[in-house]
Amino acid sequence: LSDPKREKTVIINSKNNETMEIDGENTLWIPGENPSVVSFTDFEIWRSRPTTRKTELLTRLSEPIRAVFAGNLNNALIVVTDRSITALELDTRGRQNAYKLASFDAIEDAFMDRRDKTIFTAAKKNNASGVWRLLIR
């Protein structure tokens with residue numbers, strides 16, 4: 001459940017009716033051995049693990065976040081800001097790595113087609129506006 005006024009998401013465990021509240025109203029489910037819910041606000045990305053009831057801040061950015069997508073193997077997030085697309089590792093055991101995939105003068109919108117492993121971005125770069133395509137391997 002999303003609470004836009006407070007920028008919170010409430011996760012309800014249907015097996016035992018326990019609830020868990022996390023920051024961010026935009027969420028996505030990351031399946032796997034240890035599933036998690038990723039949520040984001042304008043400047044922060046959070047990961048919550050309903051099984052352990054633990055929440056951690058993955059990153060805080062100085063540029064507004066437009067969208068967050070799960071990477072192909074669910075081991076990274078694709079983060080779209082006003083000017084860039086970055087892959088952010090979900091493994092936080094050591095140093096968390098971030099890889100800039102593309103830079104633009106301005107990004108208006110982005111969409112990820114998981115079937116084709118492609119991110120489509122409505123953006124402006126070098127005085128050219130259009131839809132840019134980025135293949136994710």
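## Close-up views of an all-strand chain

**View 1. Ile85 and its surroundings.** Setting aside its neighbours within four places in sequence, Ile85 is in contact (heavy atoms within 4.5 Å) with Ile78, Val79, Val80, Tyr99, Lys100, Leu101, Ala102, Phe104, Ile107, Ile119, Thr121 and Leu134. A quick note before going on: this is a predicted model, where local features need pLDDT of at least 70 and side-chain atom pairs count only at pLDDT 80 or more, while totals for chains, interfaces and linings use all residues. Residues are numbered from 1 along each chain as its sequence is written, and side-chain values use heavy atoms, with hydrogens and water left out.

**View 2. The whole chain, for orientation.** You'll find zero helices here and 14 strands; helices are DSSP runs of H or I with at least four residues, strands are runs of E with at least two, and both are numbered from the N terminus. Of the 137 residues, 37% count as buried, where buried means under 20% relative accessible area, exposed means over 50%, and partly exposed lies in between (1.4 Å probe, protein chains only). The chain exposes about 8600 Å², with carbon and sulfur atoms supplying 47% of that; such areas come from the Shrake-Rupley method with a 1.4 Å probe, and for residues only the protein chains shown count as cover. Take the contacts between residues at least 6 apart in sequence: 22% of them join residues at least 24 apart.

**View 3. The largest nonpolar core.** This core has 14 residues, and Phe69, Ile78, Val80, Ile85, Phe104, Ile107 and Ile119 touch the most other members. A nonpolar core here is a set of buried Ala, Val, Leu, Ile, Met, Phe, Trp, Tyr and Cys residues joined through side-chain atoms within 4.5 Å. The elements giving it two or more residues are β8 (65–70), β9 (76–81), β10 (84–89), β12 (106–113) and β13. Of these, β12 gives the most, with three residues. There's also a second, separate core of 13 residues, which includes Leu28, Val38, Val68 and Ala70.

**View 4. Strand β9, covered on both faces.** Six of the six residues of β9 are buried. Ala76, Ile78 and Val80 sit on one side, Leu77, Val79 and Thr81 on the other, and all are buried. β8 and β9 run antiparallel and are joined by five bridges; two strands pair if DSSP finds at least two bridges between them. Ala67 has Val80 in β9 as its bridge partner. The β8–β9 hairpin has five residues between the strands, and Asn74 takes a positive phi near 60 degrees there. β9 is also joined to β10 by five bridges, again antiparallel, and Ile78 has Ala87 in β10 as its bridge partner. The hairpin of β9 and β10 has two residues between the strands.

View 5. Most residues other than glycine have a negative phi. Asn126, though, has a positive phi of about 50 degrees, and phi of Asn127 is near 65 degrees. Asn126 is exposed because its relative accessible area is 64%. Asn127 counts as exposed too, with 74% relative accessibility.

**View 6. A nonpolar patch on the surface.** Phe111, Phe120 and Val131 form this patch, with about 300 Å² of accessible area together. Patches are made of residues with over 30% relative accessible area and no salt bridge; like charges are joined within 9 Å, and nonpolar side chains (Val, Leu, Ile, Met, Phe, Trp, Tyr) within 5 Å. A salt bridge, in turn, is a side-chain nitrogen of Lys or Arg within 4 Å of a carboxyl oxygen of Asp or Glu. Phe120 belongs to strand β13 (residues 118–125) and, at 30% relative accessibility, counts as partly exposed.

**View 7. Asp109 on strand β12.** Asp109 is in strand β12 and is exposed, at 52% relative accessibility. Leaving out its neighbours within four places in sequence, Asp109 is in contact with Phe120, Thr121 and Ala122. Thr81 is 28 residues away along the chain, and its C-alpha atom is separated from that of Asp109 by 9.4 Å.

**View 8. Ser36 on strand β5.** Ser36 lies in strand β5 (residues 36–40) and counts as buried, at 3% relative accessibility. Beyond its neighbours within four places in sequence, Ser36 is in contact with Leu28, Trp29, Ile30, Arg47, Ser48, Arg49 and Pro50.
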